Amino acid sequence: MEARTEQPPKGTAVRRRQRPALLSIIGLCFVALFLAWTAYNLVHDPRTFFTIFLIGLQQGSVYALVALGYTLVYGILQLINFAHGDVFALTGLFASSLIANHFHLDSSSGALTITLGLLAVFLIAMAFGAIVNASIELVAYRRLRNAPRLAVLITAVGMSFIVQNISLVVFDVNFRSIPPLLSSGDVFTVSGVHLNWDTFFVVAVTAPVLVILSWLVKSTRQGKAMRATAQDPEASAMMGINVNRTISFTFLLAGALAGIGAVLFLVQFNIRYDTGFELGLIAFTAAVLGGIGNLSGAVLGAIIIGMIQAMNEGPFLWAPGSDWTRSIVFGILIAILVFRPEGLLGERTPEGG
């Protein structure tokens, strides 16, 4: 007897098509309002606009390094490593101790001493962040590889609190900062827009790191193993790829990126044990905005979040101010999950190709 195919009630397919269309219209309206507000401020005061643009680029570059750590781990394990932001803070505190107590760098140090000292701090912070992150994977996540996702999620939250409390015990509750190591002058000035050394230093470090990371993931043998493991771990193991070693390498790489970001953050701001919690959430929002699991999307999302934060806190017309920064950033996260859950450039996971 021929099987009977049930037809959905009339109007159901129409309603399913209309709802995404309505959400898309609402989302486009928000985007149009933001673009109109941005264009008005650009025309009204272009000098201030481009100054704020450079500040946003500086902040977004740091967010990008942390966001890439989230997206690397998610791409290979479909795991949101909530401890990643706390690894960032712990590494930053460790780097502040290196700069102040071991290398004794300050504004009176010579240019060559500061350059070599910062280079050594970057390398040590990268190694420290990589070891801490890989240790978290080995201790907390590896045995839960086949466990329900809720168990892994709870473990990730627990590891976040553990790393945060380790930072608190070792480095106490006070903020840590370092002496100004970069010149307070400008690299150059164009039409009243000043590019200072802080911004130049952050972008000059971040840009090559992003290029090297892209090359490593796309062109090297280890990068191909990472992409294969992300696509299908069981098939990768059958083809001779050491899946555990590949996942550990991914955590090492993510931790090293957090180390670079922590030093860049420390050069500009002060840091304490809970700094990584908020910054980690902002970086996670950036990764979701660009498309979780998408390296280019994480960078794009981080730059956009940095720009939005700088514009919100800048002297623009109708800018809500710094008190609203957290609400705006997390509002963007909710809006992305509602209107475009795959992110701006699309989510890349094994399930989604």
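Predicted model: local features only at pLDDT ≥ 70, side-chain atom pairs only at ≥ 80, totals over all residues.
Residues are numbered from 1 along each chain as its sequence is written. Local features need pLDDT of at least 70, side-chain atom pairs count only at pLDDT 80 or more, totals for chains, interfaces and linings use all residues, and side-chain values rest on heavy atoms, without hydrogens and water.

Thr325, Val329, Ile332, Leu333 and Ile336 are buried (under 20% relative accessible area; exposed is over 50%, partly exposed in between, with a 1.4 Å probe and protein chains only). They cover an arc of only 100 degrees around the axis, which puts them on the same side of α12 (the arc uses directions from the helix axis to the C-beta atoms). These buried residues pack against α10 (275-290) and α11 (295-313), while the face turned away carries the exposed Arg326 and Ile334.

In helix α6 (residues 197-219) sits threonine 199, buried at 3% relative accessible area. Beyond its neighbours within four places in sequence, threonine 199 is in contact with Leu54 and Gln58 (heavy atoms within 4.5 Å).

The whole structure holds five salt bridges (a Lys or Arg side-chain nitrogen within 4 Å of an Asp or Glu carboxyl oxygen). Among them are:

| Salt bridge | N to O distance |
|---|---|
| Glu137 and Arg142 | 3.3 Å |
| Glu137 and Arg145 | 2.8 Å |
| Arg272 and Asp274 | 2.7 Å |

Shared partners join Glu137, Arg142 and Arg145 into one network. Glutamate 137 is buried at 0%, whereas arginine 142 is partly exposed at 26%.

How values were computed
Helix = DSSP H or I, 4+ residues; strand = E, 2+ residues; numbered from the N terminus.
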